[in-house]
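Dear colleague,

I am handing over the structure we spoke about, which you will find just below. Please look through it first, and then read on for what was found in it.

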Amino acid sequence: MAGWWPALSRAARRHPWPTNVLLYAALFSSGDALQQRLRGVQADWRHTRRVATVVVTFHANFNYVWLGLLERALPGRAPRIVLAKVLCDQVVGAPIAVSAFYVERTDVLALCTADQLQPCSRSVENSLRGALFFSLGHLPLFFPAEW
């Protein structure tokens with residue numbers, strides 16, 4: 001068991017991006033499977049596969065690039081710098097990351113196979129409006145009601 005940790009560390013140093021993507025996929029997929037198990041429902045492997053697909057195609061890559069850019073733009077570990085990083089991540093990065101979960105709902109950039117593609121019953125404008133609403137829905141927590 002102790003032999004896998006040095007191999008993982010070596011892989012992360014040599015190939016940080018693919019290692020990050022694979023670790024994200026493993027963590028998200030196992031988290032989804034565990035959540036289903038804790039709910040007491042039958043395992044929905046199709047849903048877990050969709051979660052893994054979104055993670056591999058978007059979330060892991062986005063987080064790797066975004067956090068690297070954030071670290072280069074705001075280097076350091078001082079409390080003020082860390083607070084600026086968190087604020088920037090929540091205001092800019094979080095809406096983009098959260099929107100990936102609602103992409104399929106908007107019928108604009110659905111991650112689906114060719115046999116699942118169907119004509120869109122809603123306009124692209126309404127779909128984009130829905131995506132923005134869902135991705136920016138947490139912002140009213142930061143701003144007062146009079147805005």
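The notes below go from the overall fold to one helix and its neighbour, and then to a group of aromatic rings.

Please keep in mind throughout that this is a predicted model. Of the 147 residues in the protein, 20% are buried. Among the contacts with a separation of 6 or more, 53% are between residues 24 or more positions apart.

After α2 comes Gly 40, whose phi is positive, near 85 degrees. The buried residues in α2 are Thr 19, Asn 20, Val 21, Ala 25, Ser 29, Asp 32 and Gln 36, and what covers them includes α1 (4–14) and α3 (45–73).

The packing of α2 with α3 can be described in some detail. Two packed helices are described by the angle between their axes and the distance between the axes. Here the axes of α2 and α3 come within 8 Å and cross at roughly 145 degrees, and the crossing is right-handed. By class, the contact of α2 with α3 has 15 nonpolar, 7 polar and 1 charged residues. On the α2 side, the residues that meet α3 include Trp 17, Tyr 24, Phe 28 and Asp 32, while the α3 residues that meet α2 include Trp 45, His 47, Val 51, Val 55 and Tyr 64.

The last topic is the aromatic rings. A search of the whole structure finds 5 aromatic pairs. In one of them, the rings of Phe 58 and Phe 62 have their centres 5.4 Å apart and their planes at 10 degrees, and because planes under 30 degrees apart count as stacked, this pair is stacked. Phe 58 and Phe 62 both lie in helix α3, 4 residues apart, about one turn of the helix. In an α-helix there are 3.6 residues a turn, so residues three or four places apart point the same way. Phe 58 is partly exposed, with a relative accessible area of 24%, whereas Phe 62, at 16% relative accessibility, counts as buried because the value is under 20%. Ring pairs also link Phe 58, Phe 62 and Trp 66 into a cluster.

Technical notes:
Residues numbered from 1 in each chain as written. Predicted model: local features only at pLDDT ≥ 70, side-chain atom pairs only at ≥ 80, totals over all residues. Heavy atoms only, no water. Buried < 20%, exposed > 50% of the residue type's maximum accessible area, 1.4 Å probe, protein only. Helix = DSSP H or I, 4+ residues; strand = E, 2+ residues; numbered from the N terminus. Contact = heavy atoms within 4.5 Å. Axes fitted to C-alpha atoms, helices over the stretch in contact; angles between N-to-C directions. Left-handed = near helix turned anticlockwise from the far one by under 90°. Nonpolar A, V, L, I, M, F, W, Y, C, P; charged D, E, K, R; others polar. Phe/Tyr/Trp six-rings, centres within 6.5 Å; stacked < 30°, edge-to-face > 60°.
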